[in-house]
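Please open the structure in your viewer and keep the selection tool at hand. The stops below say what to select next and what is there.

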Amino acid sequence: MNQRLGRTQIIGQVIFYAIIMAVLGYFSSSPEITLQNNNDTSLKLIIRHSGRIEGKCEPLSKLEQDKLPTNMQRLVNCPRQKSPLKVIISVDDEMIYNATIKPSGIHDDGVLADYSVFTLKAGTRHIVASAITNTHEGEFVDRYNAKIDVNPNHIVVLQLDDNGFNLNGNNE
Amino acid sequence: MFTHILKTSERFLNHFFPSKWNPLYNLGTLSFYLFFIVLATGIYLFIFFETSVVHAYESVESITHEQFYIGSLIRSLHRYASSLMAVTVTLHLFRELILRRYVGARWFSWISGIPLLWLLFASAIGGYWLVWDTKAQYISLTTAALLDSLPIIVEPMAQGFVNNAAISDRFFSLLIFMHVGVPLALMLGMIIHIKRINNVRMIPSKGLAIGIVAALVILSILYPALSLQPADFDKPLKSVEIDWFYMNTYPLIQTLGPANVGLLLLGISGLLTIVPLISYFLEKKRLEPEQHIAVVDPEFCNGCGWCFADCPYEAIYMKPHDFRKNHEQAVVINDYCVGCGICAGACPSVTPFKNFNEANSGIDIPEFKMSDFLLESKKKTSQIKSKNKILVVGCHHGTNLLQFESEDTTTESLECIGQLPPSYMDFLCRREGIDAVLLTGCASGDCYHRSGIEIQEERLVRLREPHVKYADVREKIAKVWTGSGGEKEIAAKIAEIKTQLETKA
């Protein structure tokens, strides 16, 4: 059935659609949100460490070996659990990160990972970082200590992996 | 309060839109329609999009600026149609919530709709991600932070966006897979969402359809969608323009933290999902009557299939008759039936002309039999002593009709106007002396039971069986579809009828 519209209806519909257009047009890109001051940049901390086995391997007695299935015969029993990793990071003597990262996995035998983002002010910054693991073999420590020039237009990435700390970006 | 606000808004728009064009009555339909627009424009964009870190941004710029005659239009239509879909879906959710269209068997439509919110959100975010501008950069970092807050994530996804070197073309393959796969899942979900309802409208009435497309096209021409600066993960983002229709929670992630926002969103979704359950327990406490279910009487069911055709909730199917050879018989699926009674209105067996004292229906609502309704109507009309007798029939979801009872007017109310058998109007007018019948109920285009008004109107003009049989009876029937709060219109219509009757006399 064809609808014949009166003038009021036509004007009303035009206004309605104009409002729809205005709302769509405006809110599809406004208002803008501010994420960071112009004089700041971001320090991204990425931790991805294989971890270290916490306990030591113990030899199995003959009796214990006999109890094992044929396909699982072995001379020593090595634990799977890895040690947690304590990481401390400070910038200009102010601690920004202090966490003990636990190994992933049900048996605590997976990778140790974390990711954090911090705000860094532009200028010269003194970054001190340490990562400590305690195992049966003793304490393992990775350290990082450097002064860097922070450029507000470049991100600083501090990575911790099996090779220790590595800071890249932002040397320009 | 919310119902009042909603009804006021609907009545306001009814001044400018014919009822069937009212956008607030067509929110679900508009959502489907906009999805089709997004799908069609998306297919075009997909043809020219390059899935690589280096070329993704360039390909979108090429579509926008080098194909300016159509590329920019298609891209902008794609964006604005999806943004408008966010609006219609949200309004549709709130409207169905306010009007309690989740009770009884309608729980399925409600609960199946909640996951669609997530799929719609994921589809839209995926689309913005593909452009690979600073908005996409913001989406990458914030979405990764949100997902990283899930306890099942071992290695933070955000590591994948630490700098430009960390991102490869494989990520784009994943993105395009997601942006095709998730909308397909959304489409499947939408089909499931409408599974238990009949005669679904996926395209709105012509006027509304044209108006929406015209508005989107004009907006796309006047204010085309443009990319921001190319994404550069080596540089920090100082500020960014976001789409507030889909990314409205993203600024919250920065202020409240991703875990808190994730919990908030999951909590809201969970709460919305259990709305029918909450309603069920609340209603039990208020001792409201249980939902009525239609029951088939095989003795009077001749297998015509009219109730099957009319049921708005696909709650009826036909099977071989229990004892009549070569006949079918209706069967009610109790879990789908909401007790609207439209099936009873469709049954030809209920005609009072055969045997008034035994107006047995092949299908009926036991708690509200049509034979009882007829008896009640007959009794009330016999009590009218005035010269002119007017019968007003409405529904429980429209305007309360008791206020219109007078010396020459009596009223009846049904669960749905579609429940009124046309043969009753024939009988009451021809045998009981009714001079005029006024049908009223929900607003046109907004029947609480989806298609009661449409079905009854078609019965009146012989487009649907059963129909009003006698031409002189058809002339006595008037209709005014107002919804609740239509006192003025109904009073005016009754006055008009009375004037016509006086003139005729």
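A salt bridge here is a side-chain nitrogen of Lys or Arg within 4 Å of a carboxyl oxygen of Asp or Glu. By that rule, the whole structure holds 24 salt bridges over all chains. The model is predicted, so local features need pLDDT of at least 70 and side-chain atom pairs count only at pLDDT 80 or more, while totals for chains, interfaces and linings use all residues. Residues are numbered from 1 along each chain as its sequence is written, chains are lettered from A and ligands numbered from 1 in the order in which they are written, and side-chain values use heavy atoms, with hydrogens and water left out.

**Stop 1: a salt-bridge network in chain B**

Select B:Lys7, B:Glu10, B:Arg95, B:Glu96, B:Arg101 and B:Asp446, which are linked in a network of salt bridges. Side chains of opposite charge can pair when their charged atoms come close. Start with B:Lys7 and B:Glu10, whose side chains meet in a salt bridge at 3.4 Å, N to O. Both residues, B:Lys7 and B:Glu10, lie in helix α1 (residues 2-14) of chain B, 3 residues apart, about one turn of the helix. Helices (H or I, at least four residues) and strands (E, at least two) are DSSP runs, numbered from the N terminus.

Which residue in the loop between β8 and α16 of chain B pairs with B:Lys7? Select B:Asp446: its side chain meets that of B:Lys7 in a salt bridge at 3.6 Å, N to O. This pair links distant parts of the chain, with B:Asp446 in that loop and B:Lys7 in helix α1 of chain B, 439 residues apart. B:Asp446 is buried, at 4% relative accessible area, and B:Lys7 is buried as well, at 14%. Buried means under 20% relative accessible area, exposed over 50%, and partly exposed in between (1.4 Å probe, protein chains only).

**Stop 2: B:Asp310 and B:Arg464**

Next, select B:Asp310 and B:Arg464, which form a salt bridge with the closest N and O atoms 2.2 Å apart. B:Asp310 is in helix α12 of chain B and B:Arg464 in the loop between α16 and α17 of chain B, 154 residues apart. Are B:Asp310 and B:Arg464 buried or exposed? Both B:Asp310 and B:Arg464 are buried.

**Stop 3: backbone angles**

Most residues other than glycine have a negative phi, and most peptide bonds are trans. Stay in the loop between α16 (452-460) and α17 (471-476) of chain B, where B:Pro466 lies. The peptide bond from B:Glu465 to B:Pro466 is cis, with omega near -10°.

Select B:Glu314 in the loop between α12 (306-310) and β3 (316-320) of chain B. Its phi is near 50°, a positive value in a residue other than glycine. B:Glu314 is partly exposed, at 31% relative accessibility. B:Arg450 also has a positive phi, of about 75°, although it is not a glycine. Look for B:Arg450 in the loop between β8 (436-441) and α16 of chain B, where it is partly exposed at 22% relative accessible area.

In chain A, a cis peptide bond joins A:Ser30 and A:Pro31, with omega about -10°. A:Pro31 sits in the loop between α1 and β1 of chain A.

**Stop 4: where chain A meets chain B**

Show both chains: 43 residues of chain A are in contact (heavy atoms within 4.5 Å) with 47 residues of chain B. Select B:Glu155 and A:Arg48, whose side chains meet in a salt bridge at 2.4 Å, N to O. How many salt bridges does the rule find across the interface of chain A and chain B? The count is 1. The elements giving two or more residues to the side of chain A that touches chain B are α1 (7-27), β1 (33-34), β2 (40-49) and β7 (112-121) of chain A. Of these, α1(A) gives the most, with 12 residues.

Two strands pair if DSSP finds at least two bridges between them. β1(A) pairs with strand β1 (residues 239-240) of chain B in the antiparallel sense over 2 bridges. Select A:Ile33 to find its bridge partner, B:Val240.

**Stop 5: strands in chain A**

Finally, select strand β8 (residues 123-135) of chain A, which pairs with strand β5 (residues 85-91) of chain A in the antiparallel sense over 7 bridges. There, A:Leu85 has A:Thr133 as its bridge partner. β8(A) also pairs with strand β9 (residues 138-150) of chain A, in the antiparallel sense over 13 bridges. A hairpin joins β8(A) to β9(A) through 2 residues, and A:His126 stands opposite A:Lys147 in β9(A).
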